[in-house]
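Thanks for coming. I will go through one chain, starting with the fold as a whole and ending at a single residue.

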Amino acid sequence: MVFSSPSFLFFFLPILLLLYFLSPKKIRNYILLIFSLVFYFFGEKNYTLLLIFSCFINYIFGLLISKKQNKKYLVLGLIVNILILFYFKYFNFFINTFNNIFNLNINFIKVILPLGISFFTFQNISYLIDVYRKDTEAQKNFFLYSTYITLFPQLVAGPIVRYKDINNELKNRKESFELFCEGVKRFIIGLSKKILIADILYGMCISINNSNMSVLSYILVALMYTFQIYYDFSGYSDMAIGLGKMFGFNFKENFDYPLISSSITEFWRRWHMSLSSFFRDYVYIPLGGNRVSNFKCIRNILVVWCLTGLWHGADWNFILWGFYFFVILIIEKYFLKKYLKTGVLSHIYTFILIVISFVIFNITDLNELLLFFKGIIGINTKLINFESIYYLKNSIIILLISIIGMGPFIKDKIKILKGKISKLGDIIEIVYYSFIFILSISAVISSSFNPFIYFRF
C-alpha cells in the first residue's frame with residue numbers, strides 16, 4: 001500500500017482518521033500501532049513478523065543499556081541490527097562479488113528485501129545509541145516503542161525519525177484543527193509532486209529510452225531522472241510529514257530545496273537531511289569529524305560516503321555514487337570552497353554535478369552507465385534527431401514546472417498575498433490546494449501503480 005494508491009486514499013486513511021479521532025486519547029497510540037502493522041502487512045506480508053521482532057529485540061536492548069550502562073549491550077544491539085540488515089540487503093551482493101573475484105560458484109540464497117528495512121533499522125540504531133549516550137530515556141512500554149518504529153507515515157521510506165525527537169509526542173501530543181489543516185496541505189503538496197510530476201517524468205523517461213537516442217535525448221533523460229527522484233522522494237517526505245501533523249506529530253524536515261544549492265556541500269545539507277544528520281552524528285563525529293588531521297578527516301569523509309552509497313543499495317553503481325560525492329566534497333573542502341559563493345555559475349556547476357550523480361544513481365548496470373555517458377558526450381551518437389525534437393516539445397511544460405518547483409517560488413508568492421491581502425490570499429490558497437488535489441486524485445484514479453523510488457531501500 002502506498003500513499004498515492006486508491007486503497008490508501010479512499011479506504012485506509014479515512015477509516016483510520018475516523019476511528020482515531022472518535023477514540024479516547026489513551027487508546028489512540030494502540031490504534032496507530034494496529035493500523036501501522038496493517039499498512040506494513042499489505043505491502044510486505046512475508047516480513048511483518050520480522051518488523052515486530054526488530055521492535056522487540058531493540059526494546060529489550062534499550063532496557064538493558066539503560067539499566068546496566070554497559071557498552072557491551074550497545075555493541076551487541078548494533079551487531080544484531082547490522083547483521084539483520086546485512087543478511088537481507090547485502091548477502092547476495094557480497095556472495096556474487098566473491099564469486100566474481102575468486103572465480104567461485106557459491107550458491108545464492110533467494111532473499112527478498114523487506115520493505116523499509118534500511119529506515120527502521122537506522123531508527124533502532126539511533127535509539128540504542130541515544131539511550132547509551134543518555135540523550136534520551138529508554139522506553140519502558142513495548143507498545144509505545146513499537147508505535148514509534150512502525151508509525152506508518154515514515155515506516156517504509158522515511159524520513160529517519162529519531163526517538164528523542166518524538167518521545168514527548170508519543171506520550172503527550174496535542175492534536176489540533178490548525179495542525180491537522182497544515183498536515184492536509186502538506187500531504188496534498190507531496191501527493192501532487194508524486195502524481196503530477198514524478199510519475200509523468202517516469203513515463204517520459206521510459207519512452208525516450210526506448211527511442212532512437214541522440215545527445216539531446218540523453219540530456220533530456222538525465223534531467224528527467226534528476227527531477228523524478230527529487231519530486232518522488234521529497235513528495236513522499238511531504239506526505240509523511242503531513243500525515244504526522246494530522247495525528248499530532250511534528251517530524252523534522254527532510255528536504256530544503258536542494259536543487260537550488262550553490263555547492264555540493266550545501267546540497268547535502270538540504271537533501272535527505274535525516275540521513276545526512278544520521279551519518280554526521282553517529283559515524284562522522286564519533287570518528288573525529290573535522291577536528292583531526294587532514295588525513296583522518298579525509299578518511300572520515302570516505303567512510304561516511306562508502307556507507308551512504310551502500311545504504312542506498314547493494315549494487316556497484318551506489319558505491320560509485322558514494323565515491324563520486326566523496327571526491328567532489330573533498331575538492332570543495334580543500335580547493336573550491338572560497339570560490340563557491342552564491343551566484344549563477346555556482347548554481348550551474350552544482351546542478352550539473354547533481355544531474356550526473358543521479359544518472360549514476362539510476363543505472364545499476366555499469367556497462368549501461370558507460371554507454372549512457374558515451375552517448376551524452378556524443379560518442380557514436382548524433383547531436384539531434386527527429387525523436388529528440390519530438391520529446392523535447394512534449395516535455396517542455398513538465399520540465400518548466402519541475403524547474404519552477406525547485407525553489408520556494410509558489411510558496412513565497414502565496415505567503416506574500418496572504419500578508420498583503422489576507423482574505424484574498426486565503427481564497428487563493430484554498431483554490432490552489434483544491435485544484436492540485438482534484439488533479440492528483442483524478443490522476444490516481446486513471447493511472448497505473450507506480451511505487452516510490454525509495455521503497456527499494
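**Overall fold, then one serine**

Among contacts in the protein chain between residues at least 6 apart in sequence, 76% join residues at least 24 apart. Keep in mind that this is a predicted model.

On secondary structure, the count for the protein chain is 19 helices and zero strands.

Next, overall dimensions. A compact globule of 457 residues would have a radius of gyration near 23 Å, and the protein chain agrees with that because its own value is 23 Å. Along the principal axes, the C-alpha atoms fill a box of roughly 65 × 65 × 45 Å.

Now the surface. Of the 457 residues, 53% are buried. The accessible surface of the protein chain is about 22400 Å², and carbon and sulfur atoms account for 67% of that. As for charge, there are 44 positive and 24 negative side chains, with the centres of the two sets 6 Å apart.

That leaves the residue I wanted to show, Ser234, which sits in helix 10, residues 215-246. Is Ser234 buried or exposed? Its relative accessibility is 1%, so Ser234 counts as buried, the cut-off for buried being under 20%.

Leaving aside residues up to four places away in sequence, Ser234 touches Lys193, Ile229 and Phe255. Of these, Ile229 belongs to the stretch 215-246, that is, to helix 10.

That is the end of my part.

Key
Residues numbered from 1 in each chain as written. Predicted model: local features only at pLDDT ≥ 70, side-chain atom pairs only at ≥ 80, totals over all residues. Heavy atoms only, no water. Helix = DSSP H or I, 4+ residues; strand = E, 2+ residues; numbered from the N terminus. Buried < 20%, exposed > 50% of the residue type's maximum accessible area, 1.4 Å probe, protein only. Contact = heavy atoms within 4.5 Å. Rg over C-alpha atoms; globule rule 2.2 N^0.38 Å. Areas by Shrake-Rupley, 256 points an atom, 1.4 Å probe, with all protein chains shown as cover. Lys, Arg positive; Asp, Glu negative; His and termini not counted. Charge placed at Lys NZ, Arg CZ, Asp CG, Glu CD.
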